Each structure stands twice: as C-alpha cells, then as structure tokens.
Amino acid sequence: MFAKRLWLVALLALVMLQVAAAQDNQVSGLIGRTFISDQGIPGATFPNPIIHFGNGLTFEGNYSRRVLGQGFSRLWLEVPTEFNYDEDLATGANVIPKEYKSLFVAPSARVNFFSMTAISPWVSFGGGIGYFNVSKDLLYGGNNPSKGSSVTGAIQFGGGLDVRIRPSWGVRAAVRDFWTGVPNLNVNGDRCRQHNYFVGGGVIYHFGK
C-alpha cells in the first residue's frame, strides 16, 4: 500500500514539474534535526506517562523548477523529501517502541522574494504522504508487538533563506513543518496528528536555464 501511494505521489510530482514551462531548475541537499512536541498518554497509571520525542537526525533532498517570475518574486514547484533516520522515544514504562524512522514526500509550491538579489527569503506550501517505520524492539527490551509501518497524509508548510554564492551554487537555511498522522506506538496519545518541525541547512545547485 505504501509503495502504491508513494508511486502516485511521485507521478503527481513528475507531472507537475514536466508540465510547467520552466526556465530554471534546482536541486538541494540539507541536513538538520526534526523536533516533535511531547504528548501525554491519557489514562496511563505508570510514572511519567508522557511520550518524549528525541531530535532525530534528518536529511532533505529537493528538486525545484521555476514556473513564473523574473524579477522581485519567482514561483517554483518543488518536491521536498525528508528522511528522519532515527527518532528516539522515551516514556515511563516498557510499552512503546524505542525508536522509529520517517519519510515525508510533499509536492509543493514555493515563492522566493527579492529573487534578483543574492539573498532571497521564501515560503512554501504543499501536501503529500508520510511513512513511519517503528522499531522491532520495545523501549526497554523485548519484541514490539505492533505493526512495523504505517502511512499517513502530510501537509507541508515552511520558510527559509537562499543565499547565492556563485552563479550555479548557493546555500539554504530552511524550517519546514510536516503535519501528519501519528506513528503506531502501541498507546493512544492525546492527539491524532503531530507537527514534525525540520530545521536545517545545506547547499543548492542551479542548472538548466
């Protein structure tokens, strides 16, 4: 099921980018951290009935294509893809997985401002899918009885700053929020959706004018 949904999102992203009469392309790679607010476990009787999330090491890959604009602002279609390699978990009892991995793919529209200058702030909005794969092990040892993976919808919005340092190269700082469902952690938390805040930086390569 996940493979089918991922294929559909990838196909949609490809169609969006190919149909656009673009004059410029970008690929970018960023590294950073994902921040997720803790959530309570209603009705739990053990000490510290709160799910604590670590700040998972996260990688972003992104392909963008410009579709409108020459001067002050430019509109891009982009496909930000976030991979959170290791999201550690903690709580007061041995009832949840010790960690999980996540992947978010969200075709989006991005608007860059002051595009004719070397420094360009931007905002982005879009949507796609999220994929969670929980650990086979429980937090304090033993086998995790829950299903290993789950798929959810994802809404993405974010902003950042691009700095061009050479004609074909630049650097980017980004903050993105992927608003998704929650992974299967064996307990019912106090919310059914969560904000996954990515904060990171990296490089941009421009090509194909």
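## Overall make-up

Of the 209 residues in the protein chain, 41% count as buried. The model is predicted. The chain exposes about 10100 Å², and carbon and sulfur atoms supply 65% of that area.

The secondary structure consists of 1 helix and 11 strands. Along the sequence the order is α-β-β-β-β-β-β-β-β-β-β-β. Among contacts with a separation of 6 or more, 69% are between residues 24 or more positions apart.

## Salt bridges

The chain has 5 salt bridges. One of them pairs arginine 110 with glutamate 78, whose closest N and O atoms are 2.7 Å apart. Arginine 110 belongs to strand E7 (residues 108–113) and glutamate 78 to strand E5 (residues 73–90), and the two are 32 residues apart. Both arginine 110 and glutamate 78 are buried.

Glutamate 78 also forms a salt bridge with arginine 176, with 3.1 Å between the closest N and O atoms. Because arginine 176 lies in strand E10 and glutamate 78 in strand E5, this pair ties together parts that are 98 residues apart in sequence. Arginine 176 and glutamate 78 are both buried.

Another salt bridge is formed by aspartate 162 and arginine 172, with the closest N and O atoms 2.7 Å apart. It links aspartate 162 in strand E9 (residues 149–164) to arginine 172 in strand E10, 10 residues apart. Both of these residues, aspartate 162 and arginine 172, are buried. Elsewhere, salt bridges with shared partners join Glu60, Glu78, Glu82, Arg110 and Arg176 into one network.

## Glutamate 60

Glutamate 60, a member of that network, is found in strand E4 (residues 56–68). Its relative accessibility is 3%, so glutamate 60 counts as buried, the cut-off being under 20%.

The side chains of glutamate 60 and arginine 176 are joined by a polar contact of 3.0 Å. Leaving aside residues up to four places away in sequence, glutamate 60 touches Ser28, Gly29, Leu30, Thr81, Glu82, Arg176 and Phe198.

## Nonpolar surface patch

On the surface, Val27, Ile165, Trp169, Val171, Val203, Tyr205 and Phe207 form a nonpolar patch, with about 580 Å² of accessible area together. Strand E10 (169–181) and strand E11 (193–207) are the elements that give two or more residues to the patch. E11 gives the most, with 3 residues.

Valine 27, one of the patch residues, has its place in strand E1 (residues 25–35). With a relative accessible area of 34%, valine 27 is partly exposed.

Terms used: Residues are numbered from 1 along each chain as its sequence is written. This is a predicted model: local features need pLDDT of at least 70, side-chain atom pairs count only at pLDDT 80 or more; totals for chains, interfaces and linings use all residues. Side-chain values use heavy atoms; hydrogens and water are left out. Helices (H or I, at least four residues) and strands (E, at least two) are DSSP runs, numbered from the N terminus. Buried means under 20% relative accessible area, exposed over 50%, partly exposed in between (1.4 Å probe, protein chains only). Contact means heavy atoms within 4.5 Å. Accessible areas come from the Shrake-Rupley method with a 1.4 Å probe; for residues, only the protein chains shown count as cover. A polar contact is a pair of N or O atoms within 3.5 Å; within protein, one must be able to donate a hydrogen and the other to accept it, and residues adjacent in sequence count only if both atoms are side-chain atoms. Patches are made of residues with over 30% relative accessible area and no salt bridge: like charges are joined within 9 Å, nonpolar side chains (Val, Leu, Ile, Met, Phe, Trp, Tyr) within 5 Å. A salt bridge is a side-chain nitrogen of Lys or Arg within 4 Å of a carboxyl oxygen of Asp or Glu.
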